[in-house]
Amino acid sequence: DHIAQHGSFVNDEYSHFDFNHFQKITPEQLAEVERKVNNWINEGIAGETKVLPIEEAKNLGAKALFDEKYGDVVRVVCFGDVSREFCGGTHVTNTSDIGAFVIEYEESVAAGIRRIQARTSYGAYELLKARETMLARTRDSLGVASFPEVAPKLNALLAEKEALKKQVEALNNKLASASAKSLVNEYKEVGEYKVLTKYVSGTSRSNLMALVDMLKQGVDNYVIALVGEENGNYPIVVACSQKAVKSGVMAGNLVREIANNLQGSGGGRPDMASGAGKDKSKIDLALAKANELLK
C-alpha cells in the first residue's frame with residue numbers, strides 16, 4: 001500500500017515504470033508481476049473511457065498516479081477491475097493489443113525509488129530470443145545437448161570447482177609449512193627484534209598470510225615482512241609482535257614504506273598489514289629500507 005508511481009516512459013522499443021519502495025524487488029516478485037500482467041493481456045480486457053466529476057471519479061476508485069492538480073471534471077480510463085486511473089490517453093484499446101510483456105530488468109534510480117523496465121509485443125519476442133541465444137551459447141560451451149541439461153552441468157562444475165579449491169588450499173598449506181620450515185632459520189637479530197624480510201617468489205597474498213602465521217609461532221618479539229608474486233603484482237604482508245608494537249614498530253608504517261618503494265600502496269593494523277607493489281626490480285631495496293627503519 002505504500003507504493004506510488006514516481007514516473008514512467010513509453011516508446012516503441014521499451015517502457016519503464018518508476019515507484020517508491022524500500023528494497024530491491026526479488027526475482028520471485030518480478031516473476032509474479034510478469035505473470036499477472038500477461039494474464040491480464042491474455043484476458044483481452046477492453047478499455048473504457050469516462051468523463052466524470054472528480055469526486056465521482058474518486059468514488060469509482062480511480063487513482064491519480066501523479067501529484068497533479070485536476071479540475072472539477074476528469075477523464076478516467078478503466079480496464080475492467082484491473083486499472084482505473086485519471087488518464088489523458090492510452091496506447092491500446094484492449095489489453096490484448098499489448099501482445100506480451102517481458103521484464104528486462106529492475107534497478108534503483110534514486111534513493112527509495114526503483115524502476116522496472118519491460119518490453120512488449122515484438123520487442124518482448126526479441127528480448128526472449130536474445131536470452132535464448134545466450135542460453136544456447138552457454139549450452140554449447142558446456143557441451144550438453146539440451147537446455148534442461150545446462151543447470152545440472154553448471155552445478156556439477158561448481159561442485160568440482162569447490163572440491164579443487166579445497167585441494168589447492170590443502171596443497172598451499174603444505175607448501176606454506178615447507179616454506180616456513182626453510183625460512184625459520186633466516187630470522188636476523190636487528191636491535192631487540194627478530195626480523196625476517198624476504199621475497200617469496202610465486203606466492204599469493206593468501207599464502208603469504210598462512211606463511212606469516214606459521215613463522216611467528218614460538219617467536220617472542222618478531223617483525224616479519226614478506227613480498228610475494230601474484231598475477232603480475234607483488235603482494236606484501238607485514239606482521240609485528242605485540243612487544244614490537246609497544247616499542248613503536250607499526251606494521252602499517254612498514255608496509256607503506258615497502259609498497260611506496262614498489263610503486264604500490266598498503267595499510268592495516270599495527271600488528272598486521274598488507275599491500276601490493278608493481279616494481280619487481282625494487283624489492284631488495286624496499287626490504288633493505290624496511291630493515292633500516294628497525295635499527
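These entries record what I looked up in one predicted model.

**Ground rules.** I worked from a predicted model, where local features need pLDDT of at least 70, side-chain atom pairs count only at pLDDT 80 or more, and totals for chains, interfaces and linings use all residues. Residues are numbered from 1 along each chain as its sequence is written, and side-chain values use heavy atoms, with hydrogens and water left out.

I took helices (H or I, at least four residues) and strands (E, at least two) as DSSP runs, numbered from the N terminus. I counted a residue as buried under 20% relative accessible area, exposed over 50% and partly exposed in between, with a 1.4 Å probe and protein chains only.

**Partners of β7.** Two strands pair if DSSP finds at least two bridges between them. I found β2 (residues 15-20) antiparallel to β7, joined by 6 bridges; S15 stands opposite A118 in β7. β6 (residues 101-110) also pairs with β7 in the antiparallel sense, over 8 bridges, and here F101 stands opposite T120. The hairpin of β6 and β7 has 2 residues between the strands, and G112 takes a positive phi near 75 degrees there.

**Nonpolar cores.** I used sets of buried Ala, Val, Leu, Ile, Met, Phe, Trp, Tyr and Cys residues joined through side-chain atoms within 4.5 Å. The largest core has 25 residues, of which V223, V238, C240 and I258 touch the most other members. Elements giving two or more residues to this core are β9 (193-199), β10 (222-227), β11 (234-240), α6 (242-246), α7 (251-261) and α8 (283-293). Helix α7 gives the largest share, 5 residues. A second, separate core of 18 residues includes A176, A210, V212 and L226.

**Contacts of V238.** With contact as heavy atoms within 4.5 Å, and leaving out residues up to four places away in sequence, I listed I224, A225, A251, L254, V255, I258, D271, M272 and A273 as touching V238.

**Second largest pocket.** Which residues line the second largest pocket? I noted E186, K188, V190, V195, L196, T197, N291 and K295. The largest share of this lining, 3 residues, comes from β9; β8 (188-190) and β9 each supply at least two.

Conventions
On a 1 Å grid over the protein atoms alone, a cavity is a set of points where a 1.4 Å probe fits but cannot get out, and a pocket is an open set with protein on both sides within 12 Å along at least five of seven lines; lining residues have an atom within 4 Å of a point.
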